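Thanks for coming, everyone. Let me put the structure up, and then we'll walk through it.

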Amino acid sequence: MFAVKNLKKTYRVKKGQSVEALKGINLTFEDRGMAFILGKSGSGKSTLLHLMGGLDVPTEGEVVIDDKSSVSFKERDWDDYRNEYIGFVFQDYNLLSDFSVRGNIGLALELQGEKVDGQKIDEILHLVELDGLGDRKIDELSGGQRQRVAIARALVKNPRIIFADEPTGALDSETGKSVLQLLKSLSSDRLVIVVSHDREFAENYGDRIVEIADGLIVSDTGASR
Ligand code: ADP
Ligand code: MG
C-alpha cells in the first residue's frame, strides 16, 4: 500500500512571498495500475511527484509505504526508500549523453551494488523494445528511444513504483503514445504514476485520474476506491 497524508509544501524564496505549492494532499494507491496526476503548469504536479518519490521532503504530512510512515524518516531512511521502492523518469531523460545505452544502464546497476551483467542489460533492453541498440550513444538516439532508455534505467532495480514527470513532454504525439503504452504495460505488475498536463493522454491511458489545481485535489476518478 502506498499513500500520502495531508501533504503540504511551502517553498521559501529569498525575495517576495513564500509559495504554498501543496496545501494538503491525501491519496491512497493500489499496488498496480497507471494513475495520472493531471493539472496545469504551476498547479503543483512536480512538487507532488518529488515528495511522493522522496526527492524532496514535505513541509507537513507524510508518505506511507506498506506500514512505514516517513514521519520518523532520517536522511538515511529516505535514501533506502528511494533505492528500494522508486524509479523515476523525467521529461528531459536525465541520461549521460556521452555514454552508450549499455553504459547508462550499467551505471544504474553499479549504483545498485550489482555486477554489470551484459545479459541482464539485454533483458532489460528487450523489455523496453530497444533490442540491438545497446552500443549506441545516447546522442545517436531519437527522443522516444532516449525515453525508453530512461525507463530501462528506472527498471534496473525492479521498483514497486515508477514516477514519470511529463515523460512525453519532449516527444511528438505518436512517439509520446508509444512511451505511454510502454509505461502502461509495465503497470500490470507495479504502480506507475504519471504527471501530465495532457487530458487526452490521461483519459486514454490512465486507470485513474487525479486532477490538481493550486496545490489541491479538485477531482479524482479513484476517490472511492
Ligand atoms: P507543475 O509541475 O504543476 O508545473 P510545480 O510543482 O513545479 O508545478 O510548482 C508549483 C508551484 O511551486 C509553482 O508556483 C512554482 O513556481 C512553485 N515552485 C516550484 N518549485 C519551487 C522552488 N524550488 N522554489 C520556489 N517555488 C517553487
Ligand atoms: Mg512540473
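Glu174 is exposed, at 53% relative accessible area. On the cut-offs: exposed means over 50%, buried under 20%, and partly exposed in between, with a 1.4 Å probe and protein chains only. Lys177 is partly exposed, at 30%. The side chains of these two, Glu174 and Lys177, meet in a salt bridge, 3.2 Å from N to O. Both sit in helix α6, three residues apart, about one turn of the helix. Helices here are DSSP runs of H or I, at least four residues; strands are runs of E, at least two; both are numbered from the N terminus. A salt bridge means a side-chain nitrogen of Lys or Arg within 4 Å of a carboxyl oxygen of Asp or Glu.

A quick word on the source. This is a predicted model, where local features need pLDDT of at least 70 and side-chain atom pairs count only at pLDDT 80 or more, while totals for chains, interfaces and linings use all residues. Residues are numbered from 1 along each chain as its sequence is written, chains are lettered from A and ligands numbered from 1 in the order written, and side-chain values use heavy atoms, leaving out hydrogens and water.

How many salt bridges does the structure hold? It holds 14. One of them joins Asp66 and Arg160, at 2.9 Å from N to O. Asp66 lies in the loop between β4 and β5, and Arg160 in the loop between α5 and β7, so this pair ties together parts 94 residues apart in sequence. Asp66 is partly exposed, at 29%. Arg160 is partly exposed too, at 34%.

Next pair. Glu211 bridges to Arg199, with the closest N and O atoms 2.7 Å apart. Glu211 is in strand β9 and Arg199 in helix α7, so they tie together parts 12 residues apart in sequence. There is also a network: salt bridges link Arg102, Asp122 and Asp135.

Now the inside. The largest nonpolar core has 39 residues. A core is a set of buried Ala, Val, Leu, Ile, Met, Phe, Trp, Tyr and Cys residues joined through side-chain atoms within 4.5 Å. Helix α5 gives the largest share, six residues. Leu183 is among the residues with the most contacts inside this core. Beyond its neighbours within four places in sequence, Leu183 is in contact with residues including Met34, Ile151 and Val194. Contact means heavy atoms within 4.5 Å.

Last, the backbone. Glu129, in the loop between α4 and α5, has a positive phi, near 60°. Most residues other than glycine have a negative phi.
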